[in-house]
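Please look over the sequence and the structure below before reading on. The report then takes up a pair of helices and a pocket.

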Amino acid sequence: MEFKSSKGIFLQIADNLCNKILEENMKPGERIVSVRELAAELEVNRNTVMRTYTFLQEEGIIQNKRGIGFFVADDAVKLINKKAKNEFFENELPAFIKKVKLLKLNSKDLNQLLSEINNNNYEDK
């Protein structure tokens, strides 16, 4: 994982964990690696990982079972999707709409793009 300076490291770790949940690499009810293990894996301070876990716990995405560890919450996928959609609509969509207007793209252009996305012909760049 490469960290960027535009966002706090603990939030980047949280985003990474949420992506793993959405990609079903981590499933509801599954135990999450310990704070110590993740800190060692990512080469960050344990307090940073603990801050990530606390944040995700406050969001309802993970649960702490005292003495056992942290687990993916049963409704984590729903919560992550809701939060991600809200962030997209508030932060990314306005810039996208501005770019669409600037490039004078029309519905045909956008429908073609959506078709490519739906057919999995569009890769992340």
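What follows describes a helix contact and a pocket in this predicted model.

## How α2 and α3 cross

Two packed helices are described by the angle between their axes and the distance between the axes. Helix α2 covers residues 35-42 and helix α3 covers residues 46-58. Their axes come within 8 Å and cross at roughly 120°. The crossing of α2 past α3 is right-handed.

## Residues where α2 meets α3

On the α2 side, the contact is made by Val35, Arg36, Leu38 and Ala39. On the α3 side, their partners are Arg46, Val49, Met50 and Tyr53. Sorted by class, this contact holds 6 nonpolar residues and 2 charged ones, with no polar residues.

## The largest pocket

Rolling a probe the size of a water molecule over the atoms shows where empty space is left. In this model, the largest pocket holds about 780 Å³ of space.

Its lining is made up of 24 residues. Those nearest the centre of the pocket are Lys7, Asp15, Asn19, Glu87 and Glu92. By class, the lining of the largest pocket has 11 nonpolar, 8 charged and 5 polar residues.

Methods: Residues are numbered from 1 along each chain as its sequence is written. This is a predicted model: local features need pLDDT of at least 70, side-chain atom pairs count only at pLDDT 80 or more; totals for chains, interfaces and linings use all residues. Side-chain values use heavy atoms; hydrogens and water are left out. Axes are lines fitted to C-alpha atoms, for helices over the stretch in contact, and angles run from 0 to 180 degrees between N-to-C directions. Helices (H or I, at least four residues) and strands (E, at least two) are DSSP runs, numbered from the N terminus. A crossing is left-handed if the near helix is turned anticlockwise from the far one by less than a right angle, and right-handed if clockwise. Contact means heavy atoms within 4.5 Å. Ala, Val, Leu, Ile, Met, Phe, Trp, Tyr, Cys and Pro count as nonpolar, Asp, Glu, Lys and Arg as charged, and the others, Gly among them, as polar. On a 1 Å grid over the protein atoms alone, a cavity is a set of points where a 1.4 Å probe fits but cannot get out, and a pocket is an open set with protein on both sides within 12 Å along at least five of seven lines; lining residues have an atom within 4 Å of a point. Grid points are joined across faces, edges and corners, and a volume is the space filled by probe spheres set on the points.
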